[in-house]
Amino acid sequence: MSGRVLVVDDVATNRLLLRAKLSSAYYDVVVAENGTQALEMARSEQPDMVMLDVLMPDMDGFEVCEALKARPETAHIPVIMVTALDTPEERIRGLEAGADDFLSKPFNDLALFARVRNLMRMKMMFDELRLRDMTSRELGLADFVGEVGAEIDLDTGGPILLAPPSDIQGALWARQLSDRLAIPTIVTHSEREAMNLARMELPDCFVVHQSLAEGGDGLRLVSALRSRPETRQSAVILVVENGDVQVAAKGLDLGASDYIETPFDVSELIARIRSQLRRKRYSDRLRSNLRNGLKLAVIDPLTGIYNRRYASQHMLRVMERAHETDGVFAVMMIDLDKFKSINDRFGHDAGDAVLKEFSRRLQENIRGVDLVSRFGGEEFFVAMPDVDQSAAAAAAERIRRAIEGAAVPLPDGGEVEVTVSIGVAIATAADSDPEAIIKRADCALYRSKETGRNRVSFAQAA
C-alpha cells in the first residue's frame, strides 16, 4: 500500500529525515517548509496524508490543521501532528483542531509506519465512499451530505463499550466518561461477552485494553471486531500499557482505529473518542446517502448489485483517478456460459436463482473498492482501480474457480453446474474513452467463448 505524504516542517534536517524514512517504504513524499506553503500544497497536490510539525514560525501546526479541516477540498486528508512536547494538553489541543494522530520526536520507526498504514487505509476507505457519493450526485440521485468538518451530532447513535483489564478499572472508566459524555457506556468482562454485547447493542465505539479481564486478549478482540460485519465500521481505541509500541503497532495493523497509552488523562481519551465518533458518523452518513439514493435508480432489483447506468458513471471516476495518479486499472466482462439452456431446461425461476448466486460469489471474490454491476441478462461487469495485469489475472481466475467449484442449488431442490467466461482489459491514464475500454474487454470475452468457454482472456493493449 503506497500513497503520497506531505511533510511540513520548518527545519530542513527534519524534512530530510522523514522523507528518507517514508521513501524507503515506497511512499511518494512532498515537502513544505511553513504553514502557508503547506496549505497551498495540500490543495494543489491532494496528498493522502499530512505530517505536520507543531512548532513553526508563521503558523503553528494547530492553526494549519484547523485551516486544512475547514476547507472542503482538504478536510478529508488525515493529519499526523509531529511534536517534541508530548503532553496530554498538546495532544488534546491537536485532536480538537482536527488532527487524526500524533508522533513524538525522536521517531520510533515501528510507531511511525503503523500509524501511517492505519491512516492510509482509512483515507482509501473515505476516498472510495466520496468517489461513489460524487457519482451518485452527478446522476442526480442524492444530495451531498457535507464534508468531514461539517457539524455532526456526537451524542446520538450507539453506546460506548468498555473492555477493561479489571472490574475496578472498568467502573472507573465508566464513571469518568459518564461525567463528561452524554453517551451511554457498557462495561464488559470477557471477550465472549464483548462480542455478544456488540451484536445486541451495536456500539459505535469500543475502548479495549490490551489485557482483558478473565485473562482475555485485547488484540484478539480487536481482530474479531474488525472481522464481523456488524462491528466492522465501529471505532476501536486500544489501551496500551507502559508505552508498548509493539502492541500498539500490532493493534493498528489488526484494525484498531487509534490507541492511547496508560496512564492516560481522561480528557485525552474523551477527545480521541469524539474524534473517532466524528469520523464514524461521517462515514455512516455517506453510506446511508449511497444506500438511500441509489437503491431505486441504479441497483439491479434481482441481484442487488449496481446496474449499467451506475457503472458507466463510475468508470469516469475510475479513469479520473488513473489520470491523477498516472496509474492503471482493469475492467472485466463476465458472461454465464450457456445460460439460455438453464432457463429452457429448468425455468426462469431457476435462471433467477443462478443469477443471484453468481452475483453473491462474484462479490465475495473481489475487493471492497472494486465495482461489480449487471450489464443485462447474464452479462456482468467489474471495474478494479489500481490493478495491473498480474493482479487482474489472479482475480479473474479466482472468480472463475469460485463459480466452477460448486453447483448452484435450485428452487425445486435440484442443482446445476455453472461456468463463466471472462474477458479482461487493462487501461492506463492514456485511455480516454470508457466505451472503448469496455469494448476491448467484450472482445476478450468473445474470445473466451470462441475458444471453449470457462476461461479468462485478455484484450490486446490499445
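1. Asp 53 counts as buried because its relative accessibility is 4%, where buried means under 20% relative accessible area, exposed over 50%, and partly exposed in between, with a 1.4 Å probe and protein chains only. The model is a predicted one, in which local features need pLDDT of at least 70 and side-chain atom pairs count only at pLDDT 80 or more, while totals for chains, interfaces and linings use all residues. Residues are numbered from 1 along each chain as its sequence is written, and side-chain values use heavy atoms, with hydrogens and water left out.

2. Asp 53 belongs to strand E3, residues 49–53; strands (E, at least two residues) and helices (H or I, at least four) are DSSP runs numbered from the N terminus. Five of the five residues of E3 are buried, with Met 49, Met 51 and Asp 53 pointing one way and Val 50 and Leu 52 the other way.

3. The side chains of Asp 53 and Lys 105 are joined by a polar contact of 3.1 Å; such a contact is a pair of N or O atoms within 3.5 Å, where within protein one must be able to donate a hydrogen and the other to accept it, and residues adjacent in sequence count only if both atoms are side-chain atoms. Beyond its neighbours within four places in sequence, Asp 53 is in contact (heavy atoms within 4.5 Å) with Val 8, Asp 9, Asp 10, Gly 61, Val 82 and Lys 105.

4. E3 sits in an open sheet of five strands, ordered E2-E1-E3-E4-E5 with parallel pairing, where two strands pair if DSSP finds at least two bridges between them. Strand E2 (28–32) and strand E5 (101–104) stand at the edges with a single partner strand each, so one side of each is left without a neighbour in the sheet. Four bridges pair strand E1 (residues 4–8) with E3 in the parallel sense, and Val 7 has Met 51 as its bridge partner in E3.

5. E3 and E4 likewise pair in the parallel sense over four bridges, and Asp 53 stands opposite Val 82 in E4. The chain crosses from E3 through H3 to E4 in a right-handed β-α-β crossover, meaning that, with the strands pointing away from the viewer, the path from the first strand over the helix to the second runs clockwise. Helix H3 (residues 61–70) lies across E3 and strand E4 (79–83), running at about 175° to E4; axes are lines fitted to C-alpha atoms, for helices over the stretch in contact, and angles run from 0 to 180 degrees between N-to-C directions.

6. A second open sheet has six strands in the order E11-E13-E14-E12-E17-E18, and its pairing is mixed. E13 and E14 run antiparallel and are joined by five bridges, with Leu 371 opposite Ala 383 in E14.

7. Helix H15 (residues 434–450) has 17 residues and reaches 25 Å from its first C-alpha to its last, close to the 24 Å expected at 1.5 Å a residue, the expected span being 1.5 Å times one less than the number of residues. The buried residues of H15 include Ile 437, Arg 440 and Lys 449.
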